[in-house]
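Here are my notes on the strand pairing and the disulfides, point by point. Have the model open while you read.

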Amino acid sequence: MHRSLTAAVAALALVAAMPVFAQTPDPTAPAAPTPATFDEAVGQIDANFDRWQTQAHAPGLIWGIVQDGRLRHVRFTGQRNLDSQAPVDLHSLFRIASMSKAFTALAILKLRDEGRLSLDDLAETHVPEMAHWTYPTADSPRIKIRDLLNHAAGFVTDDPWGDRQQVLTEAEFTAMLEAGVPFTRSPETAFEYSNFGYALLGRIVTHVSGRPYNEYIRQEIMQPLGMTATGYDVFASNPTRRALGYRWENEAWAPEPDMRHGVFGAMGGVETSAPDYAKWIAFLLSAWPARDGEETGPVRRSTVREMATGSNFVAASLRTLPDGTPCPVGVAYGMGLRVPADCELGQVLAHGGGYPGYGSYMILLPERGLGLFAFANRTYAGPSAPLLEAANLLVRSGAAPVRDAPVSDELAAAYAATGRIWAAADVSVEQNRLAMNVLMDRSVENWRTVLTTAKVDAGDCVTDTPVVATGALSGMFDWTCENGRISGRVLLAPTTPWSIQALNYRLIPTEP
């Protein structure tokens, strides 16, 4: 069963968690032209998800696109309950596994904003059972809250063991902490994904807030966002809306037993619906760009942006563009979110969720105001590949352009000066606006020679196109000329009043 809903819901009124941010093309996918519109891209994306669902043996699936604060497109297919044959619908509830970590991370940051903890606090300040732990080396630093957020605490990767700890009670967790845990390396020496570390963050939220971590997160973050169907206790949610979890074994589906709420829910226990999760994505995206204006969310915009602050342990990977060009990707882990820098997509925030009975993935492109998510009810069926391809298709279609940064008065004035310098082929016409380094780096006479040659080579140019801001004090420009185009840059110095520290005019000749 396939159902679609477009522009219908307004927002805002773990092995699978760890894929490298790279993509292997689906050899069974038919070649498709680059989409030219949002609707064309959605058509290809829907087909990709249909193909993925069949290959992944996912009983049910829902995926959606959030753009500019609303759920612009959502599609649901398959069954949430194989016994009753109940179909997935818009309000079906899925566990999202490690995508829960972002809620825990934001709760820690909110408590920091309230002055109740510091990210540089030793974790043992708030979890005293950690104080007697034996560290792996004599020179090991003691674990800080920041280390837990960035997965740099020295714990061993614990998928899928960590997924099965969901049911641990507070008392059982305390006993585990009192017994001590082994380290795989010294803290702060490498990234290594740890569900256990996020369970510790949940304990810190509980200790510092005076409320169970799940209640603090629901009351302070989820409910203010209107996420009324979202929570941690699946046995308390509406059974007529739950997507039951299944695993695929022996060429058949088998029910995956539900796990009750426990301390490890801080790393993977959230259950939510597509409309609720769209509100979460819209809220995260609303933190970009930095701007004036009142705060309207439960956590400050600057704090949300802080979730993209990664550790310095960056992994490199490659994916392949449709024309065969390799696309380099650098990936760090932020706070509850992976933070890739992608050659095509730009700044990306992403995370997956793999769990007994469920798989999920989410991607945010904050520079474009675009977010995507997908939930499935099959163990570790993480739909990262079709979701990444969905982001690629939307970007290639032009439906998700990078939002223009505002042009400051200083940059606008400096850009006007670059036009006058070009017209005169002489920097001295704006000498009082040049930073002190400019004429030390190249003399007035040499500037005249370079500019005169460039003007002759370029021919007549249209120089009134707008500058594209790359910051309040820098910008790029592109002029169409008789013999090609001038690709230029203007960079201001950190001075008051403004001055130009670098100016570039590069001719790109017209190809014969």
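1. Let's begin with strand S16 (residues 461-462), which pairs with strand S18 (residues 474-481) in the antiparallel sense over 2 bridges. Within that pairing, valine 462 has threonine 480 in S18 as its bridge partner. For the terms: strands are DSSP runs of E with at least two residues, numbered from the N terminus, and two strands pair if DSSP finds at least two bridges between them.

2. A word on provenance: this is a predicted model, where local features need pLDDT of at least 70 and side-chain atom pairs count only at pLDDT 80 or more, while totals for chains, interfaces and linings use all residues. Residues are numbered from 1 along each chain as its sequence is written, and side-chain values use heavy atoms, with hydrogens and water left out.

3. S18 also pairs with strand S17 (residues 468-471), again antiparallel, through 3 bridges. Look for valine 468 here, whose bridge partner in S18 is methionine 476. S17 and S18 make a hairpin, with 2 residues between them.

4. What about strand S19 (residues 484-492)? S19 runs antiparallel to S18, and 8 bridges join the two. Glycine 475 sits opposite valine 490 of S19. S18 and S19 form a hairpin too, with 2 residues between them.

5. Now the disulfides (a disulfide being a pair of cysteine sulfur atoms within 2.5 Å). The structure has 2 of them, and with bonded cysteines counted along the chain, the pattern is 1-2, 3-4.

6. Cysteine 327 is in strand S10 (residues 326-333) and cysteine 343 is in the loop between strand S11 (338-342) and strand S12 (346-347), so the bond ties together parts 16 residues apart in sequence. Why is this disulfide left-handed? Because the torsion about the S-S bond of cysteine 327 and cysteine 343 is about -130 degrees.

7. Is cysteine 327 buried or exposed? Cysteine 327 is buried, at a relative accessible area of 0%, whereas cysteine 343 is partly exposed at 42%. The cut-offs are under 20% relative accessible area for buried, over 50% for exposed and in between for partly exposed (1.4 Å probe, protein chains only).

8. Cysteine 481 counts as buried, at 10% relative accessibility.

Methods:
Helix = DSSP H or I, 4+ residues; strand = E, 2+ residues; numbered from the N terminus.
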